[in-house]
Amino acid sequence: MSDITNPSLKNTVRQYFQEQGEDAPTWTEIHGMLCALAVGPEVESVDYAAELEMPVPGEVSDALNRLRERLVTQLLGGDAINLPCLLDPFQEEDGQDLASWCAGFMTGVFVDEEAWYQDDEEQMAQLLLPFILISGVDDDEALDTLWENTQVVRQMALSIPEILEELYLVFHGPDQGEVFAPAD
């Protein structure tokens with residue numbers, strides 16, 4: 001389950017969104033969004049109210065930012081991110097399943113979608129395919145056909161923790177932002 005271990009921060013976020021009713025995102029969806037924000041391109045600040053299309057008080061925004069920082073720290077420490085749901089793409093548990101987590105992840109991608117694809121669109125499309133497919137955010141017929149191959153879909157789902165690490169390295173690895181002059 002989830003490695004975001006500060007219960008106070010997590011409870012602040014959970015409690016607030018639970019009080020907002022059934023249209024509010026679940027903890028699983030929020031976790032997915034925070035993971036995308038942690039592994040993806042650097043984002044100066046996130047307007048959570050705009051992204052979630054609902055009011056988000058400062059205390060909750062602060063908690064979300066601190067939880068995102070904890071995920072980054074976890075990745076920097078070489079630890080894999082554990083999802084707060086099973087890695088079963090076919091389990092349906094409204095708001096608590098892998099499809100919900102992936103939908104939350106895609107919400108995080110949409111914060112600055114252009115930055116995700118700017119360096120290598122093809123590579124990013126391949127890396128994000130499991131999230132797009134499992135979340136159901138794209139109704140492309142080719143994805144519907146792929147969804148029917150349950151073995152491939154299950155393999156994609158099981159690879160999500162490793163893909164998170166790979167995405168982090170794509171955007172924050174040692175080669176990012178460093179320009180080396182050729183040796184004379």
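The dialogue below concerns a predicted model.

User: How is a pair of aromatic rings described?

Analyst: A pair of aromatic rings is described by the distance of the centres and the angle of the planes. In this model the count comes to seven aromatic pairs. One of them joins W101 and F131, with 6.1 Å centre to centre and 40 degrees between the planes, a tilted arrangement. W101 belongs to helix α5 and F131 to helix α7, so the pair ties together parts 30 residues apart in sequence.

User: Are W101 and F131 buried or exposed, and which cluster do ring pairs form?

Analyst: Both W101 and F131 are buried. Ring pairs link W101, F105, W116, F131 and F171 into a cluster.

User: How do the axes of α5 and α7 cross?

Analyst: The two axes, those of α5 and α7, come within 8 Å and cross at roughly 120 degrees. The crossing of α5 past α7 is left-handed. Residues making the contact include W101, F105 and V109 of α5 and L128, F131 and I134 of α7.

User: Which residues of α9 are buried, and where do they lie around the axis?

Analyst: In α9, residues 150-158, the buried positions are V153, M156 and A157. Viewed down the axis of α9, the buried residues fall within an arc of 100 degrees, so they line one face of the helix. On the other side of α9, Q151 and L158 are exposed.

User: Which helices do the buried residues of α9 pack against?

Analyst: They pack against α5 (98-110), α7 (121-135), α8 (141-147) and α10 (160-172).

Technical notes:
Residues numbered from 1 in each chain as written. Predicted model: local features only at pLDDT ≥ 70, side-chain atom pairs only at ≥ 80, totals over all residues. Heavy atoms only, no water. Buried < 20%, exposed > 50% of the residue type's maximum accessible area, 1.4 Å probe, protein only. Helix = DSSP H or I, 4+ residues; strand = E, 2+ residues; numbered from the N terminus. Arc of directions from axis to C-beta. Contact = heavy atoms within 4.5 Å. Phe/Tyr/Trp six-rings, centres within 6.5 Å; stacked < 30°, edge-to-face > 60°. Axes fitted to C-alpha atoms, helices over the stretch in contact; angles between N-to-C directions. Left-handed = near helix turned anticlockwise from the far one by under 90°.
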